[in-house]
Structure formats: structure tokens, C-alpha cells
Amino acid sequence: LAHAQRAMRVRLRSACCLIVLAAKARPTAALRHFRCVPYGERAPAGGATITCDGRVPGATLELTHWTDNETPDDLYADTSTECALRLARIRRVGGTAYADHDDALVINNHFDTDGVLSAYACLHPEAALRHASLLADGAAAGDFGEWSSDAGVRLDAAIEAIGGAHGGDPAAYDAALAALPALLASLEADSADAADEEAPWRDGWGAALAGWQALASGDASLSRAGAIAVLREPSPKEEAESSEPLPGAGKRSPGECPRLPAVALRRGLPPLLLDNIPGPFPDPSRRRSTAASPSFSARLLASGACCAPRTAARAAGVTSTRRRGTAG
């Protein structure tokens, strides 16, 4: 009898442990839903809300790198997607940290790559963690023009193309979130054919390659003027006389100067600014960058930490540019 009672207690303890482990490991994907809210409106009241990327007043948890953000220190990162991945890792371990947001409504107020990928990471945390590196590369390409990987640039180009094909942010989010599982699997498997006429990244990826080739061939050039990096792009006259279409052709108003894609420009900056190597660069395959720049709208860019804040911060042992933020 005593032996039977001990065996019963062991079985009960084992069953309790399995129940606890199952509760800790329960996926949050089925518990969260997404809603795109108009820019400037407050978060829906009456429950927990996670705002991804955009700052939505009234949200109970921010996952954003935007200026003056209130993202918790243990979740903060350089992109909102990386913030969401940190939340996924914390909830995977279990415990009570952020457990009150396991069934939160996920919201954002604008459409862009970092917003889509951070929302996806909240809606499908386990799947997102399997693709964490690719998601981070795609978000950095979208917000900072980083060419961390070819797949990341293609992912950003695909999401932008999907968004452009759908009218309004809610419809764009629906389409992009639905397309992501197959898109991520294809890019991770390296089965993405860059020449595929039907590939959603085709135009954006082609523009990135053309922009980088423009730097490599000398059609566009980067040079230094003291502490200033100067980008020279073909004039409308030069473009008209060129036998080959230059980057961005057909997407500008008549007489408007060409604009080098951000990822091509950013890929060209580190050798020039950090290594003091003048462009153009003869071997595009050797020039890769993982450093970020907060803006590419200016044609004149200051060198050093102003051009590569993440590189400078990492070299100093700092993992983020806390609180100052960068609006994507």
C-alpha cells in the first residue's frame, strides 16, 4: 500500500510539472490580434495594448525606437522589430514579466517594414524567433537603409511593394502579414529567385543593385570634403544621355535629380567614412555594412558617429541610442 501511495504521488507531481511547463510555454500568437489605428488617434481603451513602431497615445506597452519613446529598458533596441523580438524571448522563458500582455491588442498607426515586422513578431512570436536575424535585417534596411544581408534588403523591398499595391494602411497590413510566412520561408531557404518576374521584391531589389552598381562604376560617386561626405549623382541631362537607365529612372518628376537608393548609399559610406577609402568601389561584393544612419534624405552627410551611430555605440560597448530615438 505504501509503495502504491508513493507511486501515485510521483505521478501527480509529474502531471503538475507538465501542466506548469505547458502553461509557461503557451503560445501568445492565438491570443493577440492586430488593428491599424488612424494616425493621431488614441489606443482602444478597455484592455492591454501593444503599439509596434508608431507611438500611439494610451497604449499600455510601447515597442518602438521613436523619439521620446517609453519602451521599457529591457525591451528597447534600435528597431521596433528587435524590441518585439526581445519581448518574444522574455515570454518564451515564462514567468510573470509582461504576462499581462499575452492577450494584448497589437496596434500601429502607419505602414512600413519595421511596423509590419514588429507586429508580426508580436502576433507570431515563436515563428518570429525562428527568423529573428532576417526580421532584424529587414527592419534595419527599411528604417536605416542598412544592407546587412541581401535577404534583408529583399524583405524590405517586398513589404514596400505589397504595401504599395494595396490602398490604405489596414489593407496593406492585412496583405503583408498574410504574405510573410511564405516570404520568410523562401528567403531563409535561399530559394528566392532575384530574377523572378513575379517576386514582390523585384523592383526594389533591382533598384538597390542598380544604385550600388552606379557607385561601383562611377556613374555616382562618394567623396570626402573634410568631415563631410559628398554624394554626386547624375544630372537629368546626364541621365537622358545615358544608354542605360540609372537608379530610380521613371519614378521621378521631369527634371528631378536621381536619388540613390538608401541601402546602396549606406553600403558605400563605411569604407569612405570609417576606413577613409575613396570611391567609387571596384568590387561591390566586398562592401557590406551593418551600421545604421538615421537619415538619408540629405545629400551631404556628416562623418563619424553622426553617420554611423550604431557602429560608434557598439564600439563603445553601448547597445542602443536610448531615449533620443530615431523616427523610422
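A disulfide here is a pair of cysteine sulfur atoms within 2.5 Å. This is a predicted model, where local features need pLDDT of at least 70, side-chain atom pairs count only at pLDDT 80 or more, and totals for chains, interfaces and linings use all residues. Residues are numbered from 1 along each chain as its sequence is written, and side-chain values use heavy atoms, with hydrogens and water left out.

View 1. Searching the whole structure turns up 0 disulfides. C122 is in none, and its nearest cysteine sulfur, on C52, sits 3.6 Å away. C122 is also buried, at a relative accessible area of 1% (buried is under 20%, exposed over 50%, partly exposed in between, with a 1.4 Å probe and protein chains only).

**View 2. The open sheet.** Its 4 strands run in the order β1-β4-β2-β3, with parallel pairing; strands (E, at least two residues) and helices (H or I, at least four) are DSSP runs numbered from the N terminus, and two strands pair if DSSP finds at least two bridges between them. β1 (33-36) and β3 (61-63) are the edge strands, each with a single partner, so one side of each has no neighbour in the sheet. From one strand to the next, the twist averages 25°.

**View 3. Where β1 meets β4.** β1 pairs with β4 (residues 105-108) in the parallel sense, over 4 bridges. C36 stands opposite N108 in β4, and C36 is buried, with a relative accessible area of 17%.

**View 4. A helix over the sheet.** Helix α2 (residues 80-93) lies across β2 (49-52) and β3, at about 125° to β3. Axes are lines fitted to C-alpha atoms, for helices over the stretch in contact, with angles from 0 to 180 degrees between N-to-C directions; contact means heavy atoms within 4.5 Å.
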